[in-house]
Amino acid sequence: MVILETNGLKKYYGEGESLVKALDGVDLKVEQGEFVSIVGTSGSGKSTLLHMLGGLDYPTEGKVLVDGKDISSLKEDALAIFRRRKIGFVFQSYNLVPVLNVYENIVFPVQLDGNQIDKSYVDKIIKTLGLEAKINSLPSQLSGGQQQRVAIARALAAKPAIILADEPTGNLDSGTSQDVLGLLKVTARKFEQTIVMITHNEEIAQLADRMVRIEDGKIVTGGGKA
């Protein structure tokens, strides 16, 4: 089942001679439960694509379908609600709330939406990511790798349709990067999650089920399953 799809996706900035085609007709399909990495050099359009997939920006043209819903047609308020409920984010800079402990950070998006916390599910995530001994710690008391594990747990906790990871190992050393990506893959399989990750690191990208390459705003390889 296709959980994420783009059709003729374009994002242009400026006009005339200063026109920049950040995305220029992107067609992408991601199956439910798949772990897809998107690779490309700086300026290739990968970050713009992730912003479109996550409803953080509107396309100039084309559609983004998440769990069958065309998010590119939603008004801002409706989009914000949909994003909170259906899309989990893992950022390079972790984006944890400094005054909340690990457990509070993990369940924060669920509480923000006024939903009941599935405690047994959250406890399984915490155990899988090896955070049991850190649940009362503040982000400032954690290593970079531990903070990124918390960010992954937070993304999983709300049971989103997809998880978007933006250079999730960008601030980590190579050994910790491998550990975090390994855990991301394990948790995705265990909790039947769909993950789309952008990275400039080919070695990291190859840990995914499928690698999509983007150049000059166009997908050149790996855009969809045959």
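**Stop 1: the six-stranded sheet**

Start with the open sheet of six strands, ordered β6-β7-β8-β3-β9-β10, where the pairing is mixed. Now colour the two ends of that order. β6 and β10 (218–221) are the edges, and each has a single partner strand, so one side of each has no neighbour in the sheet. Look along the sheet next. Ignoring direction, neighbouring strands are turned by 25° against each other on average. Keep in mind throughout that this model is predicted.

**Stop 2: strand β7**

Select residues 162–166. This is β7, and it is mostly covered: five of its five residues are buried. Show the side chains. Which way do they point? I162, L164 and D166 point one way from β7, while I163 and A165 point the other way. Both groups are buried.

On one pairing, select residues 87–91, strand β6. β6 and β7 pair in the parallel sense, over five bridges. Find F89, which stands opposite L164 in β7. Then select residues 195–199, strand β8. β7 and β8 also pair in the parallel sense, here over four bridges. Stay on L164: in β8 it stands opposite V196.

**Stop 3**

Move on to residues 35–39, strand β3. Five bridges join β3 to β8, and the two run parallel.

Now click on S37, which has its place in β3. Is S37 buried or exposed? It is buried, because its relative accessible area is 0%, and the cut-off for buried is under 20%. What surrounds S37? Setting aside neighbours within four places in sequence, S37 is in contact with M197, A205, A208, R210, M211 and V212. Select those residues together with S37 to see the contacts.

**Stop 3**

Select residues 2–13, strand β1. Nine bridges join β1 to β2, and these strands run antiparallel. Pick out Y12: it stands opposite K21 in β2.

**Stop 3: D70**

Finish on D70, in strand β5. D70 is buried, yet it has no salt bridge. How far away is the nearest side chain of opposite charge? That side chain is K63, and it is 4.5 Å away. A salt bridge needs a side-chain nitrogen of Lys or Arg within 4 Å of a carboxyl oxygen of Asp or Glu.

What does the side chain of D70 make a polar contact with? The partner is the side chain of S72, at 2.4 Å. Draw that distance in the viewer. Then show K63, V64 and L65: leaving aside neighbours within four places in sequence, D70 is in contact with these residues.

Definitions and conventions. Residues numbered from 1 in each chain as written. Predicted model: local features only at pLDDT ≥ 70, side-chain atom pairs only at ≥ 80, totals over all residues. Heavy atoms only, no water. Pairing = 2+ DSSP bridges. Buried < 20%, exposed > 50% of the residue type's maximum accessible area, 1.4 Å probe, protein only. Lys, Arg positive; Asp, Glu negative; His and termini not counted. Polar contact = N/O pair within 3.5 Å; in protein donor to acceptor, adjacent residues only side chain to side chain. Contact = heavy atoms within 4.5 Å. Axes fitted to C-alpha atoms, helices over the stretch in contact; angles between N-to-C directions.
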